[in-house]
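Me: I have a model on my screen and would like to learn how to read it. Could you walk me through some features?

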Amino acid sequence: MLVLFFALGLVSIGFTGINKLVTPAAAKIGSEETLVDKGSALFAEGCSTCHGLNGQGTSDGPTLAGVGAAAVHFQVSTGRMPMAAPGAQVMRKKPSYNEAETLALAAHIATFGPGPAIPSEEQVNEWQNASLAEGGELFRTNCAQCHNFAGSGGALTNGKYAPSLGQATPLQIYEAMITGPQSMPIFSDKTLTPESKAAIIRYIQELNKSENPGGMDLGRVGPVTEGLVLWVVGLGSLIIFAVWIGARVR
Amino acid sequence: MTEKFDINNTFDPDKENQAPKISKEVATKLPTAAKGVDHYLRRTDTDSKAARRAELQVAALFGASSFFTLVFLVSFVAIPREKKIAVSLIGVTGAQNLVLGVSFGFAILLIGIGAIHWAKKLMSDVEIVQERKEIKPADDVQQEALAAFRVGTEESGIGQRKLIRRSLLGALALFPLPFVVMLRDLGPAPKGELRKTAWEEDLHIVTDITYQKIRPEDIPVGNLVSAMPENIMEIQEEEQNLNERGKSAILLVRMRPEEIKSQQGPDWDYQGIVAYSKICTHVGCPIALYEQRTHHLLCPCHQSTFDLSDSGQPIFGPAARRLPQLAITVDEEGYLIARQGFQEPVGPSFWERGA
């Protein structure tokens, strides 16, 4: 019972924080309890096949006890859950639930055990005041190894990969750092403070809106695509010209 | 369309109506025409309208090139340097850069295409054969060269004067030695620096960039921390370089204690928190692609993969050595500290490293 109250408390903190994001349909729902009830219904319908009726996990999906509302909101709002098919990497896709339903699911799953709550709006929006330079330094030390210097993502082992950060919202980036989805490690608030997280988010926002003054960015993955284009398009057109020069004219 | 054409007539300067027309002067300078090669007349050789059309095409290509050069000149002046435009496939890009690049590229490309079109359609295209010179010189030239060589050896007396011959050979054999000796100047041989890092007993472990001391309870399971010794900034300032930063970087990772299969020393972890060097043992890339579910650490340079739950052993890729582990514990205030320095050199192998 104590655990339940604790979880409810966390959820309500998260919920009041992002109520601006909530659609009118969700705003009509009065108390957290009806939110949990609604989430419970959605969970039984869409999640329990793999995660078990009480989120205890099955052979097809891990337990959800203690994952927290933040993890649920990240996975569902990026469309990764419910997943289309099992595989090495769960991919981002169009979300299956709207924001209100996602929050209801998060509220329900948070009752399974204490876990990180959805960060508040103030916490997430702090990035607008954060230091870009510090964010760059922190990004290159903590994130760039997997997500690439330009946030384009990169390969991991056995078909897994770190996704591009191009579509991630500030809230989703924050949630990913505190929950560590899939292969990603956790970056706790103690070892990477909220100020540091805000700076990193600021840097990613800056990366995402940066322009290409020099022309095509070719995916911003460095020499790999640049070399490929040079060899295929560059040398290819030279070969075509060489064939044309040597062809007999009638 | 094309009619067979006797090559031997091609160079007959007297046949005035025969295309292609070559002046007497040019014809005598040309190498032998290819005998037995069938030559086909092009449409432009037989049809004056086609030739005229080709001429217009070439002129149009050259004209288009001039147009693009003018576009280049105008856009250099007319388009403000800061102006941005959105182009599909490229995104937002500098307008001037784009126009300058495209116009310059087409200006030079169209000259090339025009020249080739001209050569293919209108210039003379008779086959010619150029005989290759024999590589072997004429016999008399060869004899002469050999004779000169013989005279030279006799006159120098290198055959009889053994002392000169041997001392010359000795001098030539010794001469390359300075080049070998000068390799010593590639730098003072590193003494202990490759074996030692800044880590030593009781040194606090701090987060990289923000330099905060860390408590074990700050690190939940699955957490990754890039960390440094607490004195890294002082050392950096003192040495005026980043060498120590390059050697002392570590990763802190927490896993469930039962997940740890082995470590490099007894209880070198602290409640499941393990510390490993961040420097790949292959060629020294910083390595932090940690997969929290498999505890694999992947090096982005050459895909060496280490298992942090199993003594940091390499399980894939070119790295042959395990990642050195740092033994850690907490001080009386509860902050993570090193129990001792690294027990083996971090980073890639080097000549004197030993097994």
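Below, we go through helices, a hairpin, a sheet and a chain contact in turn.

Reply: Gladly! This is a predicted model, in which local features need pLDDT of at least 70 and side-chain atom pairs count only at pLDDT 80 or more, while totals for chains, interfaces and linings use all residues. Residues are numbered from 1 along each chain as its sequence is written, with chains lettered from A and ligands numbered from 1 in the order in which they are written.

Me: How do I read two packed helices, and at what angle do H10(A) and H11(A) cross?

Reply: Two packed helices are described by the angle between their axes and the distance between the axes. Axes are lines fitted to C-alpha atoms, for helices over the stretch in contact, and angles run from 0 to 180 degrees between N-to-C directions. Helices (H or I, at least four residues) and strands (E, at least two) are DSSP runs, numbered from the N terminus. Here the axes of H10(A), residues 170-179, and H11(A), residues 194-209, come within 10 Å and cross at roughly 135°. The two helices are therefore oblique to each other; angles under 35 degrees count as roughly parallel, over 145 as roughly antiparallel, 65 to 115 as roughly perpendicular and the rest as oblique.

Me: Which residues of H10(A) and H11(A) meet?

Reply: Pro170(A), Ile173(A), Tyr174(A) and Met177(A) of H10(A) meet Lys197(A), Ile201(A), Ile204(A) and Gln205(A) of H11(A). Contact requires C-beta atoms, placed from the backbone, within 7 Å. An α-helix has 3.6 residues a turn, so residues three or four places apart point the same way.

Me: Is H10(A) mostly covered or mostly open?

Reply: Mostly covered: 10 of its 10 residues are buried. A residue is buried if 20 or more other C-beta atoms lie within 10 Å of its own, exposed if 12 or fewer, and partly exposed in between, with C-beta atoms placed from the backbone. The cover includes H5, H7 and H11 of chain A. After H10(A) comes Gly180(A), with a positive phi near 65°.

Me: What is the crossing angle of H8(A) and H11(A)?

Reply: The axes of H8(A), residues 132-142, and H11(A) come within 7 Å and cross at roughly 95°. That makes H8(A) roughly perpendicular to H11(A).

Me: How do I read strand pairing, say for S3(B) and S4(B)?

Reply: Two strands pair if DSSP finds at least two bridges between them. S3(B), residues 84-87, and S4(B) run antiparallel and are joined by 4 bridges. Val87(B) stands opposite Gly91(B). Their hairpin has 3 residues between the strands, and Leu89(B) takes a positive phi near 75° there.

Me: In what order do the strands of the open sheet in chain B lie?

Reply: The order of the 5 strands is S5-S6-S7-S8-S13, with antiparallel pairing. S5 (205-207) and S13 (325-326) of chain B stand at the edges, each with a single partner strand, so one side of each is left without a neighbour in the sheet. S5(B) is joined to S6(B), residues 224-229, by 3 bridges, and Thr207(B) has Ala227(B) as its bridge partner.

Me: How many residues of chain B are in contact with chain A?

Reply: 39 residues of chain B are in contact with 30 residues of chain A. H5(B) gives the most to the chain B side, with 5 residues.

Methods:
Two residues are in contact if their C-beta atoms, placed from the backbone, lie within 7 Å.
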